[in-house]
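These notes are for a colleague who is opening this model for the first time. Please read them with the structure in view.

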Amino acid sequence: MEDSGDIHTGFQFTNFARNEKMVSRGFPMPVCRKTGTTIAGVVFKDGVVLGADTRATEGDIVADKNCSKIHYLQPNMYCCGAGTAADLEMTTQLMAGQLELHRLNTGRQVPVIAANSMFKQMLFRYQGHIGAALVLGGVDKYGSHIYSIHPHGSTDRLPYTTMGSGSLAAMTVFEERWHPDMELDEAKQLVRDAIAGGVFNDLGSGSNIDLCIITKDGANMLRPYDVANVKGQRVGKYEYKRGVTEVLTKKVRPIEIVSETVRPIPGEDMDTA
Amino acid sequence: MDVGRMFGEVAPPLWSGGPAPGGFYSFPGTNNKQHETKTHTMYPSTSGTSVVGLVYDGGVMLGADTLGSYGSLARFRNVERTFKVTDKAVLTCSGDIADYQFIREVIEQKVRDDEISGFTPVLNAGALHCWLTRVLYNRRSRFDPLWLECVVAGFKDDKPFLGYVDKIGTAFEAQEVASGFGMHMAIPMIREAREKKGNLTRDDARKLLVDCLKVLYYRDCRAHFKYQVADVTAEGVKIENDLNLKPDTSWSIANFVRGYE
C-alpha cells in the first residue's frame, strides 16, 4: 500500500502557536460541550448498577437537558462517561465496535477487563488529550466488575466509584452506605441517591437520573429512572384575549397584479456552505 | 549632584560604596535587586482544612479537625482551630493558622475591652460575623488578605445563627455551612439528611457532624482523625476537645481491592 507522506494520524498541534496569538488578541475561543457530570457505579450481590445524570453543558449554558451518558458497549457491559461529550461518544462507539469484533473473533463473551485494557491503551496513547473519564461496569464469567478510567489512561478496579464534577457529592453517599453483597433494590436506591447528591449540589449536573443494571442474565437500561427535576407548569397566560383591543376602522385593499413576467434562471450548484 | 544620574537611580549615595537612604546595602557580587516595596505573602504556610457547621433544633454545632498542615506535611496534630468568643459566639477558621491566631488575639482583646468599659450586651454571633466581614474585605481590598475561611456560630437575637466569611470578604448566613472540602462533601450530606428528616435534634446533628468529618477524613488528603466539636445552645457554649474518629472508620474495603485492573 502506498504510504502518502502527507497523512498524519492522531492530534495535530501545528496551529497551537497561531491559536495562542489569537487568544491574546481577544479572539473568543469556542467552548466545547462537556458533560460536567455525576456518574457512579457499584458492585452488588448479583452484578453491577451504573448511574448517571443527564445534563450536558457548554460553558455556563445547559446544552442538552436530557442526554444519555450510559453508553452501550456489549450486552454484558455498559460505560458511563464524563468529560468532553464528543470524545466520549466517539470513544465509546469505537470501543463498542472493537469489542464486537473481538467477540466475533474469539467466539465468546468479552470479559470486562478486555474493555478496560482497550480503553486505557487508547487513552494513554493520546496522553490525556481525549477528555474521557469513564465508569465501566459489566458482568462476565469472572464476576462483576466496576472500573474507573481516567483521561490519561490510569484505571482502578473498585467496588464503588464516582467520576465527574459531582463525584464528591456522590462519593459521600457511597462512603456512608455502601456495604458488600447488597440486594438489587438497595443498590438501585444507593446509586439513585448518589447521583441525586450530584444533581442537586453540583451545578454541572442536573435534570434526570438514569440507571443501568447488569447481571449475568443481561442488562436492563432504566432511562429515566427518576425524573428528579420536573419542568414547572406555567401558571398564567400572558396573551391578550381577542376583543381587548378595540377596532376603530377597517380598510381592505387587495393587491392588484399589474403585469406578470417569467424569467428562467440557469441551474446553480447546490450551496453547501 | 550628578544631573545625568538624577532619573536613573533613587538617590545619589551619601557616601561612596554605601546604600541610598532607606535602602539596603547591596553586597558585591550579588545581582538580585532589593525590593523597596513591602511584599505581602499571598499564600498560606501552616493551614487548617475543612470546618463543618449546622443549625439544629435548639442550637448550632460546629466540627473541625485539629491538624495544622505544612503543605503536605501533617506538622501540628493538636491545633485547636475553634475558640469560644463569648457565651453567644464561637469562631472556627480554616486556612492560614498564623492569620487565625492573629485574628483570635484581636477578637479576644475586643471582648476584654467591652467588659472593661462595662458594655453589657455580650458580642453575639451576628455582630461578630458582620465585623469579621468588614475586616477581611478591607484587608483584601488592600491586597493584604488574612488567608482565612471562617465559620461563625452562635446566637443572634435569641435565634441560632451560622455564618461564613471568606478571605475575599464573601459572607453569608445559612442553615449549613462548611469551608474547603467540606463545601463539596459535607454540605450535600447535611442537605440530604435535612430533606429526609426535617428537624434535626441535637443527637441527630452530632451524629451527622461526626459522619461528615469521617467522610472528610476518608477523602480529604489534608484531614486528620482528631477533632473538636463546639455546641452552642441558649445555655451557652460547650467545646469538646481531643475527640477521635479513627476507631469508627472502616477500612474493610481493602479486602475488595486487588491491583488496578
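**Notes on the model**

1. In chain A, strands β12(A) and β13(A) make a hairpin that has two residues between them. Strands here are DSSP runs of E of at least two residues and helices are runs of H or I of at least four, numbered from the N terminus. The pair, residues 209-215 and residues 218-226, runs antiparallel and is joined by six bridges; DSSP must find at least two bridges for two strands to pair. A:Ile213 has A:Asn220 of β13(A) as its bridge partner.

2. The model is predicted: local features need pLDDT of at least 70, side-chain atom pairs count only at pLDDT 80 or more, and totals for chains, interfaces and linings use all residues. Residues are numbered from 1 along each chain as its sequence is written, chains are lettered from A and ligands numbered from 1 in the order in which they are written, and side-chain values use heavy atoms, without hydrogens and water.

3. Helix α3 of chain A (residues 112-125) has 14 residues, which at 1.5 Å a residue should span 20 Å; its end C-alpha atoms are 20 Å apart, in agreement. The expected span is 1.5 Å times one less than the number of residues. After α3(A) comes A:Gln127, with a positive phi near 50 degrees.

4. Among the buried residues of α3(A) are A:Val112, A:Phe119, A:Lys120 and A:Leu123; buried means under 20% relative accessible area (1.4 Å probe, protein chains only). The elements of chain A that the buried residues of α3(A) pack against include α2 (85-106), β8 (132-140) and β9 (143-149).

5. Chain A gives 23 residues to the contact with chain B, and chain B gives 19; contact means heavy atoms within 4.5 Å. About 1800 Å² is buried between the chains, 59% of it from carbon and sulfur atoms. Buried area is the accessible area (1.4 Å probe) that two parts lose on being put together, summed over both. Of the area that chain B buries against chain A, 31% is supplied by B:Phe256, B:Tyr260 and B:Glu261, more than any other three residues.

6. Three salt bridges are counted between chain B and chain A, each a side-chain nitrogen of Lys or Arg within 4 Å of a carboxyl oxygen of Asp or Glu. One of them links B:Glu261 to A:Lys120, with the closest N and O atoms 3.1 Å apart. On the side of chain B that touches chain A, α3 (181-197) and α4 (202-219) of chain B each supply at least two residues. The largest share of that side, eight residues, is from α3(B).

Technical notes:
Buried means under 20% relative accessible area, exposed over 50%, partly exposed in between (1.4 Å probe, protein chains only).
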